[in-house]
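This note is written for a student who is opening the structure beside the sequence. Please keep both in view while reading the numbered points.

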Amino acid sequence: SSGINAEWPLRPGYRFLVQNIIRLDKEDGVKFLYNENSPVQSNNVMDKWILSYTHSLIDFVKVEMAAYRLYTVVPRLLQFIANLTNWYVRLNRARLRGEVDLEECQASVQTLFSVLFTMIRLMAPFTPFITEMMYQNLYQSIDRSMLKGASDSIHYLMLPKYEPAMVDQDIERRVSVMQSVIETGRVLRDRNTIPIKYPLKEVVLVDADPATLSDAKSLESYIVSEMNVKKLTVSSDKQKYDVKLTAKPNHMILGKRLKKDFKAVSAAIVKLTDVELSEMKEAGHREILGHDIGYDELHVSYEVKSESGSYAAASMHNVLVLLDCTLDQEMFDEGLAREVINRIQKLRKKAKLVPTDKISIFHKIDSTKKDGSEDLARSVRNYQDLIETGVKSPFSGEPAQDNVIISEEVEVKGCKFLLTLCGDVKKSSSGPVVQWPGGRPAGEYFTVVYNGSSREVLLQSNGHRLTAMRLENEVKAMFGLFGRTVSLSLDDSPIKCSTRDLDFLAGSTVTVTA
């Protein structure tokens, strides 16, 4: 066993893909069919990056597995999944949802399908059941003409081919710089307790290498959007912002090593100048009062004394980032509006609505209260368009309609107010389910329910009849129950593991306990 459960890290990207294949069909009338022999040509930099990164991964996996170094493969696969979910899907949500235009939507869906189809083939030897479950669902959107030989199972397919022409080191480097800037900016927000929902004026990248500055500038739109700042400034002049290195000793390491000399060495460390610390960083160490002190034995940070803004500074991944943490009234109000969007989305999820459900949203705020309600009322009034764009539904303070889906009191910054979702939406008792493209499964099926979530299961798939033993394995894959004992029952009567003919389950509901 590889010791990994990749369903949950990979599931968000997989679920997002299937949802948008359904949305393409329902809203745009486009039946998506994937054929890797006829790829969509995309000029989007993130599409090019994830495809390049995918083929770099294919090359790595094949080389390492040929040498039977399986222990190096699993960490790289998990790192790839994190990049796919946290970077590609996150930064391309608008394109995947069709909010840019149809052509961009199709290109991004094609790209994500290609990457996931490649990924599950690479992961199949390590997570056979999960990848098989995902393949059987994706199989419905694959052009059968591209599959040679048996294709009933993912384990009949060959590993994907490595295409050197798909690897673009330039784009991979540029995206790496972008990721470093964004991650460092997030750290600065956390240190200054400024949530990402609240916009800030400026982020500054300071670096002596013109290529690094150029790389960041080329992906400015992603940095500005992801960091929620108004502009990105790049500079090679550290002195302009009066950025200085300061250091404190690592008491645990140096105190134990230096003993009685620690106090004197500690005082000398605090007095080190920016130039001396920069030299020490380059060399990796420095002699202080007769002791060789390593740079990694210090707590080093950046201080900014610029008069042009209230900057905080941090250095990670070899980049120095400054963030203007000044928050004015307009930015505060916009942040409150984004908090409201967050509460609406949470309420949608609680009501088990899907993205294609058409609803109207109503709010009731008592602006006479002294709990910040006046600020909130001003925010939703001034940023109504932002809220409606974020939730893709009408948003108003009018009295709620009769067809109420859910109504609940929520809180933003200590201010409580009423949110009501209304619409002609058919309610379902099922949890968040990856739906089947085109509606219900084609063929006889039954429903499996576990802990409030449900899935539909075909009685026959690709010519193979379902048995109780195979159903048990599929249930474990569906609900992440590997390593646990699973029991299946129909109307409180247990289904024996030895049962081979399950036709009697057609149209019924099977309950799972674990």
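Predicted model: local features only at pLDDT ≥ 70, side-chain atom pairs only at ≥ 80, totals over all residues.

1. Helix α2 covers residues 45-66 and helix α5 covers residues 102-123; they pack at an angle of about 15°, with their axes 10 Å apart. Angles under 35 degrees count as roughly parallel, and α2 and α5 are therefore roughly parallel to each other. The crossing in which α2 passes α5 is left-handed.

2. Residues between α2 and α5. Which residues of α2 meet α5? On the α2 side they are D47, I50, L51, T54, L57, I58 and V61. Their partners in α5 are A107, S108, T111, S114, V115, T118, M119 and L122. By class, this contact of α2 with α5 holds nine nonpolar residues, five polar residues and one charged residue.

3. Helices α13 and α15. What angle do helix α13 (residues 329-350) and helix α15 (residues 384-391) make where they pack? The angle is about 30°, and the axes lie 9 Å apart. That makes α13 roughly parallel to α15. The crossing of α13 past α15 is right-handed. From α13 the contact takes E334, A337, R338, V340, I341, I344, Q345 and R348, which meet L386, I387, G390 and V391 of α15. The class count for this contact is seven nonpolar, two polar and three charged residues.

4. A buried loop residue. N228 belongs to the loop between α9 (220-227) and β2. Is N228 buried or exposed? Its relative accessible area is 11%, and buried means under 20%, so N228 is buried. Apart from neighbours within four places in sequence, N228 is in contact with R189, I196, K197, Y198, P199, L200, E334 and R338.

5. The end of strand β2. S235 lies in strand β2, which covers residues 229-235. With a relative accessibility of 9%, S235 counts as buried. Beyond its neighbours within four places in sequence, S235 is in contact with L205, V206, D207, L213 and Y241. The side chain of S235 also reaches the backbone nitrogen of D237, at 3.0 Å. S235 and T212 are 23 residues apart along the chain, and their C-alpha atoms are separated by 10 Å.

6. The two ends of α10. After α10 comes K259, with a positive phi near 50°. K259 is not a glycine, and it sits in the loop between α10 (251-258) and α11 (262-270). K259 is exposed, with a relative accessible area of 62%.

7. Another residue with positive phi. Y68, a residue other than glycine, has a positive phi near 60°. Where is Y68 found? Its place is the loop between α2 and α3 (70-91). Y68 is exposed, at a relative accessible area of 64%.

8. The chain as a whole. How many helices and strands does the protein chain have? Its secondary structure comes to 16 helices and 19 strands. Along its principal axes the C-alpha trace spans about 85 × 70 × 50 Å. Of the 514 residues in the protein chain, 49% are buried. Among contacts with a separation of 6 or more, 69% are between residues 24 or more positions apart.

How values were computed:
Residues numbered from 1 in each chain as written. Heavy atoms only, no water. Axes fitted to C-alpha atoms, helices over the stretch in contact; angles between N-to-C directions. Helix = DSSP H or I, 4+ residues; strand = E, 2+ residues; numbered from the N terminus. Parallel < 35°, antiparallel > 145°, perpendicular 65-115°, else oblique. Left-handed = near helix turned anticlockwise from the far one by under 90°. Contact = heavy atoms within 4.5 Å. Nonpolar A, V, L, I, M, F, W, Y, C, P; charged D, E, K, R; others polar. Buried < 20%, exposed > 50% of the residue type's maximum accessible area, 1.4 Å probe, protein only. Polar contact = N/O pair within 3.5 Å; in protein donor to acceptor, adjacent residues only side chain to side chain.
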